[in-house]
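Student: Could you show me how to read a protein structure, one feature at a time?

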Amino acid sequence: MSEISSLTHAISVDPYSGERIGHYAFDTDAALDAALQRAKAGYNQWRNVSLGQRSEYLVELGRALQANAEVFAQMIAREIGKPISQARGEVSKCVGLCQWYAEHGPAMLAPEPTQIEKARIEYRPLGPILAVMPWNFPVWQVLRGAVPALLAGNTYVLKHAPNVMGSAYLLADLFKRAGLPEGVFEVINVTPEGVTRAINDPRIAAITLTGSVRAGMAIGAQAGAALKKCVLELGGSDPFIVLADADLDAAVKAAVIGRYQNTGQVCAAAKRLIVEESIVEAFTHKFVEATRALTIGNPLDDATYIGPMARYDLRDELDGQVQATLAEGATLLLGGKKVEGAANFYEPTVFANVTPDMTAFKQELFGPVAAIISARDAEHAVALANDSEFGLAATIYTADYALAERMTATLDTGGVFINGYCASDPRVAFGGVKKSGFGRELSHFGVREFTNAQTVWLDRN
């Protein structure tokens with residue numbers, strides 16, 4: 001049940017029932033070539049569609065998604081085990097994304113004046129963008145990159161994760177329903193060798209990847225060798241700092257959501273809970289009790305908060321990290337093992353007394369496992385937070401906003417959230433530093449990321 005692909009097919013397995021629910025034949029070389037040709041031909045047409053018209057298409061895309069919201073939510077829940085209420089939230093967020101970019105995006109792409117009266121910057125599209133996307137947010141991850149890229153005049157070639165190809169093909173159908181021209185949004189189903197072929201194909205202008213560090217290193221190296229721009233959003237081991245003066249109940253509530261949303265399978269989840277030592281005991285007690293109260297069950301049940309993990313192989317990997325952390329001396333307060341049966345559940349797990357030399361501190365744990373770390377004070381908390389190869393986002397809970405602002409300036413992360421857990425939003429940029437990747441999605445940064453900032457200078461003598 002751990003397989004997600006065979007030699008000839010991508011395979012989708014329902015992680016709750018253990019049943020195979022889809023198998024999708026990999027594209028032949030000829031099929032890949034045809035998709036890339038459609039994307040290139042579509043680009044030649046799409047780039048000449050006015051910005052206002054492209055915005056109208058995004059409005060229609062949002063409407064079509066809203067009309068088919070439950071179909072998408074059910075597919076997400078079945079393919080990856082995401083609780084249905086969270087799956088519906090993901091789809092609703094995507095509808096809002098389309099509406100927001102349709103309204104605000106055109107202003108971000110308007111000609112930009114310079115200090116020279118007759119010189120301006122024009123934001124021109126690059127061409128077909130290859131998007132290699134993960135399974136954990138099978139609709140949001142795709143659209144948060146595709147919508148701004150399409151608005152800018154690019155076309156989009158999606159290579160989705162093998163276990164969510166059902167969602168990928170639903171998206172392809174959605175773009176047709178919304179009336180977008182052929183070639184503007186293409187789905188390819190290829191092996192890693194097919195990805196390499198696409199990267200090196202002259203019809204692909206740039207690449208974006210959301211995935212693991214290992215995948216980012218491979219894609220980044222290939223993009224560099226081909227002299228093509230890439231954006232990488234990779235792993236995270238985000239620190240969630242709680243200082244002694246924080247509202248403890250609010251911090252615990254946010255930490256539980258931040259850690260266990262989507263069964264902990266979020267790159268920007270609150271994975272390392274760094275708590276000032278004078279309150280670590282009280283925080284830990286409240287956090288364990290709140291975690292114990294989470295409802296685990298069928299992802300199609302509205303009451304479920306923790307569903308099965310998306311893939312059986314990833315549950316095995318997580319369990320190996322948990323057992324290693326336990327052997328290294330951490331204190332297990334809750335959970336710590338796989339649940340027997342066909343469903344791919346892992347018990348919500350809490351470790352205390354975690355130190356920087358332990359697996360749960362050093363590695364990304366992509367599942368429902370929380371690591372609580374004690375810090376002497378705010379300065380030590382920042383040092384612990386920065387003691388990581390990752391740098392996606394950080395959270396600070398404190399009543400002292402001036403202190404939080406000073407801490408923010410020294411945190412090596414792409415985002416900092418003060419008295420609120422990490423979330424992506426189209427109005428603000430999202431991305432990381434260090435091994436969490438580079439480049440930005442969302443906001444005006446995202447809409448300009450895959451553009452040519454072209455200088456136009458009139459009458460220069």
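This is a predicted model: local features need pLDDT of at least 70, side-chain atom pairs count only at pLDDT 80 or more; totals for chains, interfaces and linings use all residues.

**Reading the model together**

Tutor: N353 is exposed, with a relative accessible area of 53%.

Student: Where does N353 sit in the chain, and what is its phi value near?

Tutor: N353 belongs to the loop between β13 (349–352) and α12 (359–362). Its phi is near 60°, a positive value in a residue other than glycine.

Student: N262 also has a positive phi. Is N262 buried or exposed?

Tutor: N262 counts as buried, because its relative accessibility is 1% and the cut-off for buried is under 20%. The phi of N262 is near 55°, and the residue is found in the loop between α9 (248–260) and β11 (270–276).

Student: What about T263? Which residues does T263 touch?

Tutor: T263 lies in the loop between α9 and β11, and is buried with a relative accessible area of 1%. Leaving out residues up to four places away in sequence, T263 touches P83, I306, G307, P308, M309, G367 and P368.

Student: Let us move to domains. Which domains does the assignment give?

Tutor: The domain assignment of the protein chain gives domain 1 (7–232 + 434–455) and domain 2 (236–424). Notice that domain 1 is written as two stretches of the chain. Taken over C-alpha atoms, the centres of domain 1 and domain 2 are separated by 29 Å.

Student: How many residues of each domain are in contact with the other?

Tutor: On one side there are 29 residues of domain 1, in contact with 37 residues of domain 2. The area buried between the two domains is about 2,500 Å², and carbon and sulfur atoms give 55% of it. Y16, W135 and K434 supply 27% of the area that domain 1 buries against domain 2, more than any other three residues.

Student: How many residue pairs are in polar contact between domain 1 and domain 2?

Tutor: The count is 16 residue pairs. On the side of domain 1 that touches domain 2, the elements giving two or more residues are α3 (69–80), α4 and α5 (140–151). Helix α4 gives the most to that side, with five residues.

Student: How should I think about salt bridges?

Tutor: Start with the general idea: side chains of opposite charge can pair when their charged atoms come close. In this model the count comes to 24 salt bridges, and two are found across the interface of domain 1 and domain 2.

Student: How far apart are the closest N and O atoms of D302 and R88?

Tutor: They are 2.9 Å apart, in a salt bridge. This pair links distant parts of the chain: D302 is in the loop between α10 (280–292) and α11 (312–327), while R88 is in helix α4, 214 residues apart. R88 counts as partly exposed, at 34% relative accessibility.

Student: Now the nonpolar core. Which residues touch the most other members of the largest one?

Tutor: Among its 103 residues, they are Y101, L143, L171, F185, I241 and V354. Helix α4 gives the most to this core, with 11 residues. The core draws at least three residues from each of domain 1 and domain 2.

Student: Can we zoom in on one member? What does L171 touch?

Tutor: Not counting residues up to four places away in sequence, L171 touches F72, P138, V139, V142, L143, L158 and F185. Apart from this core lies another, of 25 residues, among them F240, Y260, I279 and F283.

Note on methods:
Residues are numbered from 1 along each chain as its sequence is written. Side-chain values use heavy atoms; hydrogens and water are left out. A nonpolar core is a set of buried Ala, Val, Leu, Ile, Met, Phe, Trp, Tyr and Cys residues joined through side-chain atoms within 4.5 Å. Buried means under 20% relative accessible area, exposed over 50%, partly exposed in between (1.4 Å probe, protein chains only). Helices (H or I, at least four residues) and strands (E, at least two) are DSSP runs, numbered from the N terminus. Domain bounds come from an automatic or database domain assignment. Contact means heavy atoms within 4.5 Å. Buried area is the accessible area (1.4 Å probe) that two parts lose on being put together, summed over both. A salt bridge is a side-chain nitrogen of Lys or Arg within 4 Å of a carboxyl oxygen of Asp or Glu. A polar contact is a pair of N or O atoms within 3.5 Å; within protein, one must be able to donate a hydrogen and the other to accept it, and residues adjacent in sequence count only if both atoms are side-chain atoms.
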